[in-house]
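Thanks for making time this morning.

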Amino acid sequence: GPRLLALCLLAVLSAGCGPALHGVITLIGGTSEGIRRAGITSSDVVDQAPEIAVNEKLVVREGSAGNLIGRDTLLVTDDGPTITFRLISPPTNGMLLLEGTVLVADDTFTQEDINDDRVTYDHDDSETLIDVFEFEAADSGGNTVKGVFQITITPVNDPPALSNDGLTLNEGAMAVIGNSVLLASDKESPANALVYTIQTLP
C-alpha cells in the first residue's frame, strides 16, 4: 500500500541507492515482495517513540476531589495498542488516584485507564495555586517519552475558624479577653486583617 511504498522510498533515500532500486520499487508498487527484493528487512524499520498528543492543564477548585484526567487533557499516541504510564513523581499538593487507589512513585496506569475516566486528582485543600506530576509513557516496544502534567488550583475563600471558650470571673472583677479565650484565624488572611464586630453588648 502507500505506507509500504513510503517506507521503501525512505529506506532507498537513506541508503543512497541508485535508480535501479527505485525502478524495482516503482515497478512492483511498494508491495512486501518489493521490500524483500530491495533487501529491506523488518529490522530496518525504526520503531518510533510514542508522542504526547495532548497535555492540557487541569483546572480544579481548592479542596475538590474526583477531578477527572481524561483523554481531552492527557493523550499519548503510538502505532502500538498499549501505552503505559509510570509515575515518576506524584503531585505534592494532592493525590493522583486510579479507581480510588492513591498512586505513588513508580506506580503505573494506562492510556485506556485515562480514556475510561479511571484516573482522578484530589486536592489537599492547602492554600496552593499549582500542582504537577511527572510521568513516563512507554509503548509495547519499550520506547518512552517523558512529560510533566500541570494542575491549576482555583482558590476558595474559606470562612475564618473561631475558638470561643468564654470567661468565668468573680462579681466586680475584670479580665482581659485574649487569644486563650477568644481566637479567630483564617488561612487566607493575616491576624491584623480579622475584625470583630460587637453585635450585642453584655
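This is a predicted model: local features need pLDDT of at least 70, side-chain atom pairs count only at pLDDT 80 or more; totals for chains, interfaces and linings use all residues.

D106 counts as exposed, at 51% relative accessibility, where buried means under 20% relative accessible area, exposed over 50%, and partly exposed in between, with a 1.4 Å probe and protein chains only. Residues are numbered from 1 along each chain as its sequence is written, and side-chain values use heavy atoms, with hydrogens and water left out.

D106 is found in the loop between β7 and β8 (108–110), and here helices (H or I, at least four residues) and strands (E, at least two) are DSSP runs numbered from the N terminus. Although D106 is not a glycine, its phi is positive, at about 80°. E99 also has a positive phi, near 50°, and is likewise a residue other than glycine; E99 lies in the loop between β6 (94–98) and β7 (101–102), and with a relative accessible area of 60% E99 is exposed.

Now to the charged contacts, of which the structure holds 4 that qualify as salt bridges, meaning a side-chain nitrogen of Lys or Arg within 4 Å of a carboxyl oxygen of Asp or Glu. In one of them the side chains of D106 and R86 meet, at 2.7 Å from N to O. Because D106 sits in the loop between β7 and β8 and R86 in strand β5 (residues 84–89), this pair ties together parts that are 20 residues apart in sequence. R86, for its part, counts as partly exposed, at 27% relative accessibility.

Which residue forms a salt bridge with R86 at 3.4 Å between the closest N and O atoms? That residue is E136, and the pair links distant parts of the chain, with R86 in strand β5 and E136 in strand β10 (residues 130–138), 50 residues apart. E136 is buried, with a relative accessible area of 17%.

R118 forms a salt bridge with D113, the closest N and O atoms being 2.8 Å apart; R118 is partly exposed at 23% relative accessibility, whereas D113 is buried, with a relative accessible area of 11%. As for R86, D106 and E136, salt bridges that share partners join these residues into one network.

Let me turn to the nonpolar side. The second largest pocket holds about 390 Å³ of space, and of the 14 residues that line this pocket, the closest to its centre are N164, I177, L182, I198 and T200. By a pocket I mean, on a 1 Å grid over the protein atoms alone, an open set of points where a 1.4 Å probe fits, with protein on both sides within 12 Å along at least five of seven lines, and lining residues have an atom within 4 Å of a point. The lining divides into 9 nonpolar residues, 5 polar and no charged.

Finally, L129, I130, V132 and V148 make a nonpolar surface patch of about 330 Å², a patch being built from residues with over 30% relative accessible area and no salt bridge, with nonpolar side chains joined within 5 Å. V148 belongs to strand β11 (residues 144–154) and is partly exposed, at a relative accessible area of 42%.

Definitions and conventions. Patches are made of residues with over 30% relative accessible area and no salt bridge: like charges are joined within 9 Å, nonpolar side chains (Val, Leu, Ile, Met, Phe, Trp, Tyr) within 5 Å. Accessible areas come from the Shrake-Rupley method with a 1.4 Å probe; for residues, only the protein chains shown count as cover. Grid points are joined across faces, edges and corners, and a volume is the space filled by probe spheres set on the points. Ala, Val, Leu, Ile, Met, Phe, Trp, Tyr, Cys and Pro count as nonpolar, Asp, Glu, Lys and Arg as charged, and the others, Gly among them, as polar.
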